[in-house]
Amino acid sequence: MISDLLRIEGLRVYYYTRDGVVMAVDNVDLFMKKGETIGLVGESGSGKSTLGRAILRLVPPPGRIISGKIVFDGLNLTELSEEEMRKIRGKRISMVFQDPMTSLDPLMKIGDHIVETIMAHETLTREEAEEKAIKLLEQVGIRSERFMDYPHQFSGGMRQRVGIALALALNPDLVIADEPTSSLDVIVQFQILDLMKELKNLYGMGMILITHDISIIPGIADKVALMYAGQLVEFADAKSFFNEPLHPYGKALLESIPNIQHSDQKLKYIPGNPPDLINPPKGCRFSPRCPYATEKCREEEPPTIMVGHHRLVKCFQY
Amino acid sequence: MPLLKVVDLKKYFPVQRSFLERLLSRKIDYVKAVDGVSFEAEKGEVFSIAGESGCGKTTTGRLIVRLIDPTGGKIFFNGIDITSLSGEELRKLRKRMQIIFQNPYASLNPRMKIGENVGHPLEIHGIAYGREKEKLVMEMLEKVGLQPASKFYNAYPHELSGGQRQRVAVARAMILKPDFIVADEPISMIDVSLRARILELMIQLKEELDLTYLFITHDLAVAKYISDKIAIMYLGKIVEMGEKEVIFSDPKHPYTNALLSAVPVPDPNVKRKRIMLKGEVPSPINPPSGCRFHTRCPLATDICRREEPKLVKIDDNHFVACHMVK
Ligand SMILES: Nc1ncnc2c1ncn2[C@@H]1O[C@H](COP(=O)(O)OP(=O)(O)OP(=O)(O)O)[C@@H](O)[C@H]1O
Ligand SMILES: Nc1ncnc2c1ncn2[C@@H]1O[C@H](COP(=O)(O)OP(=O)(O)OP(=O)(O)O)[C@@H](O)[C@H]1O
Ligand code: SF4
Ligand code: SF4
Ligand SMILES: [Mg+2]
Ligand SMILES: [Mg+2]
């Protein structure tokens, strides 16, 4: 039996703001096996980064994990001490932050930063660590001649790639990559995604890839987790999802993707506004914007249903 | 007369090498971030720049709005040479030119509420204050999908998600109703649906206000939708430029072709051939001789290594820099 690398159950992460409680992650379940890649997608503000940060217990205040379990390789992360958690971060679970400067130090040279990260966790000499750092940077397309530069001397995409190099530096079991390619041209993007695939095949690295760019998902992810308003509304293998999304939000989302091969199509978007996570819509959170919504949808919250093999959807239609 | 005209624009940044290397070579090295870029954008036009990460797009945008000084070249805005404006004149220009920065985490004032971040430019330029300002800001927040606007008005930047911050940055640039906006990857963290809505808003405002955009994007599907003209950059230079239709239907430069072939198609059943580029990304400190793309170009020949191809007009509104394209 293959046990899960990560099992999230009933996770709630709320931000306690002046205006009320933002229910950014609201009762989310998620499972992943070793070496699996999950594409985590959803509307801007739907809670993707919050979920990613919660796994590493890095939710900034006034945010808090309210309830739920995050079991990683048999360890319940929500119960570990801060000390124990620190040993896991970077080494076993690493994160590529949406803001690349989160993981960079403006006063430290790029090369030194990577070298020190490596040396803090592995017993290598300075020379060995430097060699490894140079190789890592080259793998993400940054030449060794830039080793001595500071972050402000790098372009947006170059900083992003350093963030990726840092996250991969210690061969973690799980990488949470939050919009890692949002400012990379398609060629460099492919190079990075290929590198991640290679690490997955070589070391069985698992990945949660948070991205707004759904068109890259079929090429890299095994599964798709779709979030809407703090909840997971569909969880399916990537192929089935792209062939036929079940949740009405997923359907609408796929219809909005522009296809560069079609000439002059009009842009489509989902009518209505992103929901307010302090006062989320009653019943199904997508009901104000859903073309299939019924009276029941507006009153009751739909349960999460298993459809076919291991496919989950949160909608009354199933 | 074009609204914006850029002539042979250059920006070289000095970079440090290790102490030993400096001792050995005794010269300062420069990153040739922008190395002789020329183009024009007409009033009311969307001029897009796409190209490899690190090829000089942001630097070009920052030079044009005069946040940094060029190493060489000239910038004309509305026929006036703005390359070395300063003081009061530069301040006046700023009201007409706005920039949406690439990183929405660094570009908002963390101590100001969102409402103040967006409304501040209105006050600085003496356009609106108090209630009036508040009303304009609320309207703009709603337009970019930050609803309920009153909640977002009172929130601080750190309380917002990546895509929410990007929308604040868009709102802040738009609120002054400028003539010209440099938009540097303005929607790179926004899901496809909301993105379509923001793009439509940008176009709608362009039409209302006769706005001109310099639109920097790595996303060619977005470029295809929004642009009138597109320039493809590689290592500090424009390698191909022209009307959108031409660039997408009849790309000539081998780099443009490689770029277009790599655009993912959102369908797992479609397998496409992407043109693989060999070799590593060359150095902007010591760029390759001749054509800068020759180290990775599938069509490179001897002349490519020796002579630099000029950006030449091959058709009305289509310019290419390649020895193999006549
Ligand atoms: N520090 C905070 N304080 C208060 N609210 C917050 C904070 N951080 C995030 N939020 C809110 O929580 C919700 C989820 O934010 P999160 O950053 O997880 O979204 P996201 O799905 O990653 O969005 P994006 O794709 O735009 O990055 C948003 O509505 C956001 O405004
Ligand atoms: N202040 C600086 N000092 C030194 N080098 C710099 C500086 N700013 C930019 N550069 C360098 O100039 C080159 C072009 O950077 P620029 O930010 O213009 O790229 P870009 O095309 O916007 O890339 P991206 O798509 O990754 O954002 C890069 O090699 C970058 O490292
Ligand atoms: S539960 Fe009802 S409103 Fe919600 S997605 Fe399904 S059909 Fe639409
Ligand atoms: S000039 Fe030569 S190397 Fe450069 S793009 Fe054309 S064929 Fe390729
Ligand atoms: Mg996010
Ligand atoms: Mg840039």
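Reader: Which residue in E8(B) is the bridge partner of B:Val46?

Author: That's B:Tyr213. Bear in mind that this is a predicted model, where local features need pLDDT of at least 70 and side-chain atom pairs count only at pLDDT 80 or more, while totals for chains, interfaces and linings use all residues. Residues are numbered from 1 along each chain as its sequence is written, chains are lettered from A and ligands numbered from 1 in the order written, and side-chain values use heavy atoms, without hydrogens and water.

Reader: Why are E3 (residues 46-51) of chain B and E8(B) called paired?

Author: Pairing takes at least two DSSP bridges between strands. E3 and E8(B) share four, in the parallel sense, so they count as paired.

Reader: And what makes E7 (residues 180-184) of chain B a partner of E8(B)?

Author: Five bridges, again parallel. In that pairing, B:Val182 sits opposite B:Leu214.

Reader: Why is E8(B) called mostly covered?

Author: Buried means under 20% relative accessible area (1.4 Å probe, protein chains only), and five of five residues in 212-216 of chain B are buried. In a regular strand, side chains alternate between the two sheet faces. Here B:Thr212, B:Leu214 and B:Ile216 are buried on one side, B:Tyr213 and B:Phe215 on the other, so both faces are covered.

Key
Buried means under 20% relative accessible area, exposed over 50%, partly exposed in between (1.4 Å probe, protein chains only). Helices (H or I, at least four residues) and strands (E, at least two) are DSSP runs, numbered from the N terminus.
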